[in-house]
Amino acid sequence: MTCIQHYMSPIGDLLLASDELGLCGLWLDGEKYYADNLPADYIEAETPILTETARWLDIYFSGKEPDFTPPLHPVGSPFRREVWKILLQIPYGKTTTYGDIAKKIAADRGLAKMSAQAVGGAVGHNEISIIIPCHRVVGTGGSLTGYAGGIDKKIKLLELERADMTNLFTPKSGTAL
């Protein structure tokens, strides 16, 4: 059974979802793929997994790096899960590029190259925002592209983590932050 809970954060309302295995959804209100894979038969209830997730978010939004991760159960294709596993390895307050993730997957698979666009698709369909830190992925040269929750929220999350944003810019303006 999938259970949901709402969490009010400094960047807006978040919808949390868990099953018996772990957190399977954390969506920002209004994001591009909001509750995309949420089953129709969910119930609103407090569970230990959702309580632990809320505790993680309390710590995170206080400006501190949580020292634990709630149980996660991301649902997706093997490729998407491979990308999401790499996202979990990006350190708090740091960024990486879609191209760097593609290179890592290519190397792990013994391939000459991997499509950064394919990686971007997997990053964009991350169902567990913030905890699986897709906001830490930037475009080549530091462009802040591709955040389903909106570039403004991506910037706020990176600022919260005190990420070095001196070489980051928004593609529409072309100017540094």
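**Close-up views of a predicted model**

**View 1. Strand 1 in its sheet.** Strand 1 and strand 2 run antiparallel and are joined by 7 bridges, strands here being DSSP runs (E, at least two residues) and helices likewise (H or I, at least four residues), both numbered from the N terminus. Two strands are taken to pair if DSSP finds at least two bridges between them. The model is a predicted one, in which local features need pLDDT of at least 70 and side-chain atom pairs count only at pLDDT 80 or more, while totals for chains, interfaces and linings use all residues. Residues are numbered from 1 along each chain as its sequence is written, and side-chain values use heavy atoms, with hydrogens and water left out. A hairpin of 2 residues connects strand 1 to strand 2; across this pairing, H6 stands opposite L15, and M8 stands opposite D13. Strand 1 also pairs with strand 4 (residues 43–44), in the parallel sense and over 2 bridges, where I4 has E44 as its bridge partner. The open sheet has 4 strands in the order 3-2-1-4, with mixed pairing. Strand 3 and strand 4 stand at its edges with a single partner strand each, so one side of each is left without a neighbour in the sheet. Strand 1 is mostly covered, with 5 of its 7 residues buried, that is, under 20% relative accessible area, where exposed is over 50% and partly exposed lies in between (1.4 Å probe, protein chains only).

**View 2. The largest nonpolar core.** A nonpolar core is a set of buried Ala, Val, Leu, Ile, Met, Phe, Trp, Tyr and Cys residues joined through side-chain atoms within 4.5 Å. The largest one in this model has 40 residues, among which V83, L87, V119 and I130 touch the most other members. At least two residues of this core come from each of strand 1 (3–9), strand 2 (12–18), strand 3 (23–28), helix 1 (48–61), helix 2 (78–87), helix 3 (98–109) and helix 4 (116–124), and helix 1 gives the largest share, 7 residues. When neighbours within four places in sequence are left aside, V83 is in contact (heavy atoms within 4.5 Å) with I101, I105, V119, A122 and V123.

View 3. D19 lies in the loop between strand 2 and strand 3. A salt bridge is a side-chain nitrogen of Lys or Arg within 4 Å of a carboxyl oxygen of Asp or Glu. The side chain of D19 reaches the backbone nitrogen of L21 at 2.9 Å, and the side chains of D19 and H73 are joined by a polar contact of 2.5 Å. A polar contact is a pair of N or O atoms within 3.5 Å; within protein, one must be able to donate a hydrogen and the other to accept it, and residues adjacent in sequence count only if both atoms are side-chain atoms. Not counting residues up to four places away in sequence, D19 touches M1, T2, C24, I49 and H73.

**View 4. The salt bridges.** A search of the whole structure finds 3 salt bridges. In one of them R109 meets E82, with the closest N and O atoms 2.6 Å apart; this pair links distant parts of the chain, R109 being in helix 3 and E82 in helix 2, 27 residues apart. R109 is partly exposed at a relative accessible area of 41%, and E82 also counts as partly exposed, at 22%. Another joins the side chains of K104 and D108 (3.2 Å, N to O), which are 4 residues apart in helix 3 and so separated by about one helical turn. Here K104 is partly exposed, at 33%, whereas D108 is exposed, at 52%. R136 forms a salt bridge with E161, the closest N and O atoms lying 2.8 Å apart, and this pair links the loop between helix 4 and strand 6 (137–138), which holds R136, to the segment after helix 5 (151–160), which holds E161, across 25 residues. Both R136 and E161 are buried.

**View 5. The surroundings of C134.** C134 is found in the loop between helix 4 and strand 6 and is buried, with a relative accessible area of 6%. Although C134 and L87 are 47 residues apart in sequence, their C-alpha atoms are 6.4 Å apart in space. Beyond neighbours within four places in sequence, C134 is in contact with L87, V123, N126, Y147 and K154.
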